[in-house]
Amino acid sequence: MATCPECDAEIEVDEYDVDKGDLIDCPECGSNLEVVSVSPVELDVAPEEDEDELDEDEEDDEDEEEEEEDWEE
C-alpha cells in the first residue's frame, strides 16, 4: 500500500510488481506518480516532460522512420 502525495489516497501497489522509476497513475486524482522506493513502496509526483523534449523525441522517431524507408528502397 502506498499513498498518493497529491491527494493522500491509499493506492494498492505490490512491491514485487513495481521497480524504482516505474510510473503509475493515481486512481483517485489521476496524478502521474513515480515509484521512488520499493521497500516500502513510496511514490512521488513524476516530473513532467517538457513539450520541447516531446517534440525532439517525435522528430527523432520521424528521422528514424525516414532512414528505414530509405534503406528498404
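The accessible surface of the protein amounts to about 6,000 Å², and carbon and sulfur atoms hold 36% of this area (Shrake-Rupley method, 1.4 Å probe; for residues, only the protein chains shown count as cover). The model is a predicted one, in which local features need pLDDT of at least 70 and side-chain atom pairs count only at pLDDT 80 or more, while totals for chains, interfaces and linings use all residues. Residues are numbered from 1 along each chain as its sequence is written, and side-chain values use heavy atoms, with hydrogens and water left out.

Of the 73 residues in the protein, 21% are buried (under 20% relative accessible area with a 1.4 Å probe, protein chains only; over 50% is exposed, and partly exposed lies in between). Among contacts with a separation of 6 or more, 20% join residues 24 or more positions apart, a contact being heavy atoms within 4.5 Å.

The protein contains 5 strands and 1 helix, arranged from the N terminus as β-β-β-β-β-α. These elements are DSSP runs numbered from the N terminus: H or I over at least four residues for helices, E over at least two for strands. Strand β4 (residues 32-38) is joined to β3 by 3 bridges in the antiparallel sense, and Leu33 in β4 is the bridge partner of Ile24.

Both Ile24 and Leu33 also belong to the largest nonpolar core, a group of 12 residues that includes Cys4, Cys26, Val35, Val41 and Leu43. Such a core is a set of buried Ala, Val, Leu, Ile, Met, Phe, Trp, Tyr and Cys residues joined through side-chain atoms within 4.5 Å. At least two residues of this core come from each of β4 and β5. Leaving aside residues up to four places away in sequence, Val41 touches Met1, Ala2, Val13, Glu15 and Val18.

Now to the cysteines. The disulfide count is 0, with a disulfide taken as a pair of cysteine sulfur atoms within 2.5 Å. Cys4 is buried at 0% relative accessible area, and Cys26 is buried at 3%.

Notes:
Two strands pair if DSSP finds at least two bridges between them.
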